Amino acid sequence: MDADVTDSAGTPADPDLPAGDTPQGRSQGRSQEEPGAADPKEEPEPGAVPENDAPQDSGDEGEAGGGDGGQHGSDGKGTVGAQTWADHPKDGSASRRKRPWLRWAALGASFLVMISAGAGWWLYKKLDGNITTDTSAAAELKVYEKERPTPVVMDAQNILLIGSDSRSGDNREYGRDDGGSQRSDTTILLHLAADRKSATAVSLPRDLMVEVPKCRTGDDKESREQFTQFNSAFELGGTACTIRTVERLTGIRIDHHMVVDFNGFKDMVDAVDGVEICLKEPIDDKDARLELPAGRQTLNGEEALGYVRARKTLGDGSDTERMERQQKFLGALVNKMQSNGVLLNPTRLYPVLDAATKSLTTDPGLDSLRDLYDLVRSMRDVPTDQVQFLTVPRQPYRQNPNRDELVEPDASELFKQLREDKPVAVVPADELKEKEKGKAQDEKPDDAGSDSESPTPTPTYSGSSAADDLCEQ
């Protein structure tokens with residue numbers, strides 16, 4: 001039994017040394033002994049117990065020996081030497097000298113994680129708080145739910161984008177403050193295909209003559225149903241009235257809506273460091289406060305706003321031509337965001353989201369940053385050549401050439417394609433004219449039977465895509 005104690009505890013304590021003698025001194029004394037001086041089978045004196053011999057610490061003994069086995073486990077001759085409890089405090093002190101650094105490193109890492117998480121949460125709440133929710137439109141649409149179209153393709157999305165031309169508040173610098181009344185300066189029906197492989201943006205002319213239904217007005221009265229120009233719907237009954245007018249016109253269920261004012265557009269252009277365009281002729285438009293030379297150039301937010309709103313000094317001065325210019329510029333903006341990796345880079349995406357959310361009013365289904373992010377993420381893989389822009393087929397109104405009317409059956413065919421989530425194609429106007437001219441020449445009376453057996457071709461309209469280079473047109 002004495003032998004077992006000796007084997008497990010190492011060399012017995014020197015009975016001549018008083019209890020509490022330092023382990024270091026005892027260890028040094030052992031190292032000065034001649035090999036073999038200590039007989040492992042020598043029985044200790046009765047009552048002599050190896051110092052610090054505590055059975056419950058046997059686990060620590062193994063840990064100390066294992067941690068320093070290379071130093072004390074061999075005498076260099078292949079013989080495994082005995083380890084003593086006296087060596088354990090020495091090893092433990094070295095471990096304790098290392099542990100504070102590990103603790104500080106862990107604390108530092110935890111602090112950085114907390115700071116990053118806190119900053120991320122703050123940025124999220126800031127962007128989320130920028131968005132204004134349009135609850136009144138949602139409430140009115142619910143009242144008229146029975147007369148609204150039924151969705152045909154559930155996974156497709158139809159979003160109505162409305163550019164407000166209010167001159168109140170920060171926008172008063174762009175014209176007379178009319179007390180906050182406003183009309184929809186630009187309205188775009190954005191159709192996102194169910195497979196998210198294409199996006200089609202259809203501009204609706206503000207001067208288009210349409211049937212506007214009865215709508216709840218700002219003073220809580222109800223307007224009468226009337227045949228009038230399209231943008232008066234926004235002035236009469238706001239967003240809900242505009243949505244119902246579009247749904248009646250197209251038969252397409254509007255899933256969401258966004259209203260953006262002038263400053264939101266400007267800030268978004270600045271957030272992507274401007275958008276490049278080409279001008280065939282210089283521009284000097286006092287009303288739009290725009291003066292630009294001819295040629296290739298990058299427009300900042302202020303210049304871009306003047307460019308898309310200018311009308312009198314560009315082209316023929318028509319609203320149709322202005323809409324085409326707006327479409328091409330929006331396409332260039334989308335292309336800039338995708339080609340520069342803005343949508344995939346949180347650092348670059350944040351300023352864009354900040355600019356957009358500050359001037360954005362949406363329905364409750366898109367009024368959170370998470371909802372907007374999911375929408376943007378679903379669109380970021382759409383090829384730029386499949387982000388298409390066009391104006392609904394229109395022509396001068398027969399009773400007033402300063403107003404527009406739909407061209408039928410072309411407009412109804414377009415609405416049917418979008419409603420059923422079927423593809424449409426767009427080409428430049430001059431190319432479409434050549435195509436239609438060639439088609440008319442090739443048609444023969446005896447071809448009717450063969451045409452009925454051929455697949456229905458994809459409807460083609462005059463328009464542009466985000467892949468088009470504005471300097472090559």
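Predicted model: local features only at pLDDT ≥ 70, side-chain atom pairs only at ≥ 80, totals over all residues.
**View 1. Strands β14 and β15 run antiparallel and are joined by four bridges.** Strand β14 covers residues 394-397 and strand β15 covers residues 400-406. Strands here are DSSP runs of E with at least two residues, helices are runs of H or I with at least four, and both are numbered from the N terminus. Two strands pair if DSSP finds at least two bridges between them. Pro396 has Asp404 of β15 as its bridge partner.

Residues are numbered from 1 along each chain as its sequence is written, and side-chain values use heavy atoms, with hydrogens and water left out.

**View 2. Helix α8 packs against helix α9 at an angle of about 125 degrees.** Helix α8 spans residues 262-271, helix α9 spans residues 301-309, and their axes are 8 Å apart. Axes are lines fitted to C-alpha atoms, for helices over the stretch in contact, and angles run from 0 to 180 degrees between N-to-C directions. The two helices α8 and α9 are therefore oblique to each other; angles under 35 degrees count as roughly parallel, over 145 as roughly antiparallel, 65 to 115 as roughly perpendicular and the rest as oblique. On the α8 side, the contact is made by Phe262, Phe265, Lys266, Val269 and Asp270. On the α9 side, Gly301, Glu302, Ala304, Leu305, Val308 and Arg309 take part. Contact means heavy atoms within 4.5 Å.

**View 3. Helix α6 packs against helix α7 at an angle of about 45 degrees.** Helix α6 is formed by residues 135-143 and helix α7 by residues 232-250, with axes 8 Å apart. This angle makes α6 oblique to α7. Ala137, Glu140 and Leu141 of α6 meet Gly237, Thr239, Ala240, Ile243 and Arg244 of α7.

**View 4. Lys197 sits in the loop between β3 and β4.** Strand β3 covers 184-192 and strand β4 covers 199-204. Lys197 is exposed, with a relative accessible area of 57%; buried means under 20%, exposed over 50% and partly exposed in between, with a 1.4 Å probe and protein chains only. Lys197 touches Val382, Pro383 and Gln386, not counting residues up to four places away in sequence. Between Lys197 and Arg380 there are 9.8 Å in space, C-alpha to C-alpha, although the two are 183 residues apart in sequence.
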